[in-house]
Amino acid sequence: MECSCAIYSVLLLAFCSIMVTSYPTGAPSCDAMTPHHKNFTGQNSPSPYTVTVSNSELNAGETLTLTIAAPSSMTFKGFIVRATPVGQPDNVVGSFSVQGQQFHTLDCGQQANGALTHSNPDLKTSISATWMAPADLNGKILFTASVVEEFSTFWVGIQSKSVNVFGGKGPSSSEIGRASCRERV
């Protein structure tokens with residue numbers, strides 16, 4: 001009897017710890033940028049975390065380095081980040097490539113490798129990854145991230161400075177926005 005109670009206690013503790021850590025191996029999809037942490041919402045204060053890019057301009061088809069960083073003495077456990085044209089937060093563009101096992105990519109609709117998320121809940125001070133602009137993009141983009149410090153403490157909508165992508169053969173991001181507005185009318 002004592003043995004079965006001990007086993008039950010261990011299993012219950014293991015189950016509860018899984019529920020508390022939410023998605024320890026990363027966001028399940030890139031559809032929602034808000035973590036689904038039961039009974040908790042994102043912080044209202046400005047984010048202490050930063051999303052920076054190595055270039056403010058690049059040509060279509062070129063790459064840049066994206067970095068999410070914590071201030072000194074802080075860490076984070078999880079994140080998700082994606083790129084979208086300015087003014088089009090649901091239109092994911094470009095693709096991430098990763099090396100190592102600290103994080104992995106997610107497909108966003110038709111965009112393969114369109115988002116990047118953590119692969120484990122280990123404490124992180126920063127992450128860096130390579131992002132490639134699509135060959136047909138011409139316009140400004142933003143990287144938008146959500147960063148999880150702890151299960152109950154996270155920030156949503158942390159943005160990089162805009163990046164100008166030149167030379168794509170497709171319409172500019174402002175033309176795409178105008179076209180989609182005309183289609184909805």
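Reply: A residue is called buried under 20% relative accessible area, exposed over 50% and partly exposed in between, with a 1.4 Å probe and protein chains only. The model is predicted: local features need pLDDT of at least 70, side-chain atom pairs count only at pLDDT 80 or more, and totals for chains, interfaces and linings use all residues. Residues are numbered from 1 along each chain as its sequence is written, and side-chain values use heavy atoms, with hydrogens and water left out.

The protein chain has 2 helices and 11 strands, where helices (H or I, at least four residues) and strands (E, at least two) are DSSP runs numbered from the N terminus. Of its 185 residues, 35% are buried.

Rings of Phe, Tyr and Trp (its six-membered ring) pair if their centres lie within 6.5 Å; planes under 30 degrees apart count as stacked, over 60 as edge-to-face and the rest as tilted. The structure holds 6 such aromatic pairs. One of them joins F79 and F103, whose ring centres are 6.1 Å apart and whose planes stand at 75 degrees, so the pair is edge-to-face. F79 belongs to strand β4 (residues 78-85) and F103 to strand β6 (residues 103-108), so the pair ties together parts 24 residues apart in sequence. F79 counts as buried because its relative accessibility is 3%; F103, at 6%, counts as buried too.

W131 and F143 also form an edge-to-face pair, with 5.1 Å centre to centre and 85 degrees between the planes. This pair links distant parts of the chain, 12 residues apart: W131 lies in strand β8 (residues 126-132) and F143 in strand β9 (residues 139-150). W131 has 0% relative accessibility and so counts as buried. F143 is buried, with a relative accessible area of 0%.

Ring pairs also link Y49, F76, F79, F103 and W155 into a cluster.

Strand β8, which carries W131, is part of an open sheet of 4 strands in the order β1-β3-β8-β5, with antiparallel pairing; two strands pair if DSSP finds at least two bridges between them. The edge strands, β1 (50-53) and β5 (95-97), each pair on one side only. Between β1 and strand β3 (residues 63-69) there are 4 bridges in the antiparallel sense, and T52 stands opposite T67 in β3.

Over the protein chain, 68% of the contacts between residues at least 6 apart in sequence join residues at least 24 apart, a contact being heavy atoms within 4.5 Å.
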